Amino acid sequence: MALTTRTRSASTSAPGPVGKKAATKRINDRARKKAQRKAQRNLLQKSKQTAQITADLSKKAAQATVKAVKELISALAALVGGGTLVAAMCVIFLAAAVIASPFGIFFANEPSPGAVPLSAVVNQVNMELSDKLAALQSGSYSSIDIEGAAPDWREVAAVFACKTAMGSDSVDVAALTPDRVERLKAVFWDMCALTSRVETIEHEATNDTEAWTEQKLHITITSKSADDMRTAYTFSTDQNNTLTELLDELDVIGGLLGNLGIADEKVLEVLQRLPDNLSPERRAVVETACKLVGKVNYFWGGKSSAIGWDPRWGTLMKVTSPGNDTSGTYRPFGLDCSGFLDWVLKNVGLPSDGHWYINRNLTAVSTADAKPGDFALYPDASHIGVVVGRNEAGKLLICHCASGQNNIVITEFSASGFTAVGKLSFMD
């Protein structure tokens with residue numbers, strides 16, 4: 001739009017163009033500093049909360065694992081005798097026993113080469129469940145309903161731990177490498193069955209309408225409990241006793257499933273490459289976005305106001321937002337692209353209205369000048385993500401909730417279809 005210039009008499013009370021720019025700059029500076037202070041306060045508070053949650057979780061896990069290996073320590077002490085040697089050996093055997101036992105599942109979110117965190121495996125299985133449900137719902141139906149629910153993931157993890165770490169071909173469950181992941185998936189599908197039927201209703205013609213056929217799709221999810229699996233897997237006495245102990249610690253396992261720690265090696269590499277001089281609020285945005293990589297499904301219209309993990313993620317819900325081919329179907333709940341960024345900003349303590357456009361609340365930035373914490377957009381602003389850094393070739397990396405991959409992922413800017421970058425008004 002062309003700019004027009006108007007002349008008027010000079011006035012000491014009316015600021016000129018320079019004065020207006022200075023006033024605008026002061027307002028923007030104050031807004032930015034306020035946002036920075038708020039982000040820093042929130043980071044400090046969340047750091048304290050995270051530390052407390054981690055301490056509580058570690059304490060519960062330690063209590064549970066100690067209970068599981070008391071007999072081992074007692075037997076060792078009786079065999080070797082008292083003294084410093086016994087104490088040292090007990091520590092060594094305690095660590096080894098915990099890792100090799102079903103209680104090793106408590107460490108499944110820790111970074112390990114070639115392994116993925118437990119929370120990410122749950123998301124992988126939820127993606128498989130989503131695909132199976134999508135195949136069942138792919139026809140043209142007047143209505144769809146689902147009866148039943150998927151098994152409790154806490155129980156699935158407990159059964160998997162006992163079956164895998166104590167079975168005839170036992171391996172530890174402390175690091176979920178690809179072979180362990182496949183075993184965990186197998187346990188889930190042993191505990192979850194999907195069936196469907198189509199109800200056909202013939203409607204006779206009336207004065208107003210012609211005769212028509214209504215088709216209703218009914219999907220049933222039949223799940224088994226941990227106690228059902230004791231019999232299904234013919235657990236031994238030791239396995240049953242250990243499973244009972246794990247089931248007493250469902251709150252600990254639940255904490256693992258909703259863990260926001262970052263264990264993915266590639267994500268950690270992205271964070272390690274962040275510039276040292278990156279502002280606190282930008283760093284917070286990037287780190288918070290990366291916490292959900294690989295853990296939350298794409299869900300059209302999915303939003304969340306939760307601070308931290310949203311317990312609804314992964315549970316089956318109906319897509320109620322119109323305008324998408326998944327509308328009206330059931331799938332594991334998650335986030336859409338704008339819902340993801342909205343959650344990130346809210347969890348950092350920064351303002352968000354859930355919608356971002358260049359020249360509205362984003363200022364255009366060149367890809368050369370883009371910094372971690374800026375937003376990346378498709379040409380029509382139909383998709384959005386957050387810049388989290390650059391790869392070794394210097395190309396921008398974007399963290400976004402992608403419908404095509406049904407997940408929160410980190411991909412390269414241009415290769416993913418992004419064409420523009422915008423800066424939030426309150427960022428430096």
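**Close-up views of helix packing and a pocket**

**View 1. Helices H4 and H8 crossing in the predicted model.** The axes of H4 and H8 come within 9 Å and cross at roughly 105°. Angles of 65 to 115 degrees count as roughly perpendicular, so H4 is roughly perpendicular to H8. To find the contact, look on H4 for Trp-153, Arg-154, Glu-155, Ala-157 and Ala-158, and on H8 for Leu-250, Ile-253, Gly-254 and Leu-257. Sorted by class, the residues of this contact are six nonpolar, one polar and two charged.

**View 2. Helix H4 again, now with helix H5.** H5 covers residues 178-190, and H4 packs with it at an angle of about 120°, their axes lying 9 Å apart. Here the two helices, H4 and H5, are therefore oblique to each other. The crossing in which H4 passes H5 is right-handed. Which residues of H4 meet H5? They are Trp-153, Val-156, Val-159, Phe-160, Lys-163 and Thr-164, and their partners in H5 are Arg-180, Arg-183, Leu-184, Val-187 and Phe-188. Seven nonpolar, one polar and three charged residues make up the contact of H4 with H5.

**View 3. Helices H10 and H11 side by side.** H10 spans residues 280-290 and H11 spans residues 337-348; their axes come within 9 Å and cross at roughly 125°. H10 and H11 are therefore oblique to each other, and H10 passes H11 in a right-handed crossing. From H10, the contact uses Ala-284, Val-285, Thr-288 and Ala-289, while H11 brings Phe-340, Trp-343, Val-344, Leu-345, Asn-347 and Val-348. How many charged residues does the contact of H10 with H11 have? There are no charged residues here, but eight nonpolar and two polar ones.

**View 4. The second largest pocket and its lining.** This pocket has a volume of about 560 Å³. Its lining counts 27 residues, and those nearest the centre are Trp-153, Pro-311, Trp-313, Gly-314 and Thr-315. So what kinds of residue form the lining of the second largest pocket? They divide into 15 nonpolar, nine polar and three charged. Helix H3 (118-136), strand E1 (143-148), helix H4 (153-166) and helix H8 (250-257) each supply at least two of the lining residues. H3 gives the largest share, with five residues.

Notes:
Residues are numbered from 1 along each chain as its sequence is written. This is a predicted model: local features need pLDDT of at least 70, side-chain atom pairs count only at pLDDT 80 or more; totals for chains, interfaces and linings use all residues. Side-chain values use heavy atoms; hydrogens and water are left out. On a 1 Å grid over the protein atoms alone, a cavity is a set of points where a 1.4 Å probe fits but cannot get out, and a pocket is an open set with protein on both sides within 12 Å along at least five of seven lines; lining residues have an atom within 4 Å of a point. Grid points are joined across faces, edges and corners, and a volume is the space filled by probe spheres set on the points. Helices (H or I, at least four residues) and strands (E, at least two) are DSSP runs, numbered from the N terminus. Ala, Val, Leu, Ile, Met, Phe, Trp, Tyr, Cys and Pro count as nonpolar, Asp, Glu, Lys and Arg as charged, and the others, Gly among them, as polar. Axes are lines fitted to C-alpha atoms, for helices over the stretch in contact, and angles run from 0 to 180 degrees between N-to-C directions. Angles under 35 degrees count as roughly parallel, over 145 as roughly antiparallel, 65 to 115 as roughly perpendicular and the rest as oblique. A crossing is left-handed if the near helix is turned anticlockwise from the far one by less than a right angle, and right-handed if clockwise. Contact means heavy atoms within 4.5 Å.
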